[in-house]
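My notes follow in the order I looked things up.

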Amino acid sequence: MRHGKKFNHLGRQTAHRKSMLANMACSLIEHKRINTTEAKAKALRQFVEPIITKSKNDTTHNRRLVFSVLRNKFAVTELFKEVSVKVADRPGGYVRIIKLGNRQGDNASMCMVELVDYNEIYNPNGAKKKKSTRRGRKKADTVAAPAAEAPAAEETKSSEE
């Protein structure tokens, strides 16, 4: 019986599940976005968010704790140098899961897992692109136009005299 067991076993033994989640977490930290099944994505979110929280405080102890879970020194370095700087002011919720539809072969529900602060398009708090309007001239035209009109104005004055 599995009374009170809240995490998904994903149909794997404990060692296989831990290794798989560590590998997926390293890939997520390295590439900032991965595609996987929905069940693995939800398990990965529970696995990686405490690790990212530990990375916000860069101490030797926290580095060793994170390394004991991830077992990849390149991922640990990337996490503490780049990712922790971006998520420093965020109180949690570092991972976003976006559903993509079903996989062709076995109809498994697929989704994209990404680090929230690395997607500028989908990030509502990020730098927004200025909306362009179709009224009036461009700035480059306004700068070039007066310079082009000045010699023409002098020619008309000389022809009038």
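**Burial and surface.** I began with burial: of the 161 residues in the protein chain, 31% are buried. Here buried means under 20% relative accessible area, exposed means over 50%, and partly exposed is in between, with a 1.4 Å probe and protein chains only. I then looked up the accessible surface of the protein chain, about 11800 Å², and carbon and sulfur atoms hold 52% of that. These areas come from the Shrake-Rupley method with a 1.4 Å probe, and for residues only the protein chains shown count as cover.

**Ground rules.** I reminded myself that this is a predicted model, where local features need pLDDT of at least 70 and side-chain atom pairs count only at pLDDT 80 or more, while totals for chains, interfaces and linings use all residues. Residues are numbered from 1 along each chain as its sequence is written, and side-chain values use heavy atoms, with hydrogens and water left out.

**Confidence.** The pLDDT (the predictor's confidence in each residue, from 0 to 100) averages 87 over the protein chain, and 78% of the residues score at least 70. Among the elements, I found the highest mean in helix α3 (residues 60-70), at 98, and the lowest in helix α5 (residues 139-160), at 58. Where pLDDT is low, the predicted coordinates should not be read in detail.

**Layout.** I listed five helices and three strands in the protein chain, in the order α-β-α-α-α-β-β-α from the N terminus. Helices (H or I, at least four residues) and strands (E, at least two) are DSSP runs, numbered from the N terminus. I also checked contacts, meaning heavy atoms within 4.5 Å. Among those between residues at least 6 apart in sequence, 54% join residues at least 24 apart.

**A helix pair.** At what angle do the axes of α2 and α4 cross? I noted roughly 90° for helix α2 (residues 38-55) and helix α4 (residues 73-86), with the axes coming within 9 Å. That makes α2 roughly perpendicular to α4, a label for angles of 65 to 115 degrees; under 35 is roughly parallel, over 145 roughly antiparallel and the rest oblique. Axes are lines fitted to C-alpha atoms, for helices over the stretch in contact, and angles run from 0 to 180 degrees between N-to-C directions. On the α2 side I wrote down Ile51, Ile52, Lys54 and Ser55, which meet Leu79, Phe80 and Ser84 in α4. By class, this contact has four nonpolar, two polar and one charged residues. Ala, Val, Leu, Ile, Met, Phe, Trp, Tyr, Cys and Pro count as nonpolar, Asp, Glu, Lys and Arg as charged, and the others, Gly among them, as polar.

**Two buried residues.** I found Thr36 in strand β1 (residues 33-37), and Thr36 counts as buried because its relative accessibility is 8%. Leaving aside neighbours within four places in sequence, Thr36 is in contact with Met24, Ala41, Met110, Cys111 and Val113. Met20 sits in helix α1 (residues 14-31) and is buried at 12% relative accessibility.

**Positive phi.** Most residues other than glycine have a negative phi. I noted Arg71, with a positive phi of about 55°, in the loop between α3 and α4; Arg71 is partly exposed at 48%. Asn107 has a positive phi of about 65° and lies in the loop between β2 (95-102) and β3 (109-115). At 54% relative accessibility, Asn107 counts as exposed.
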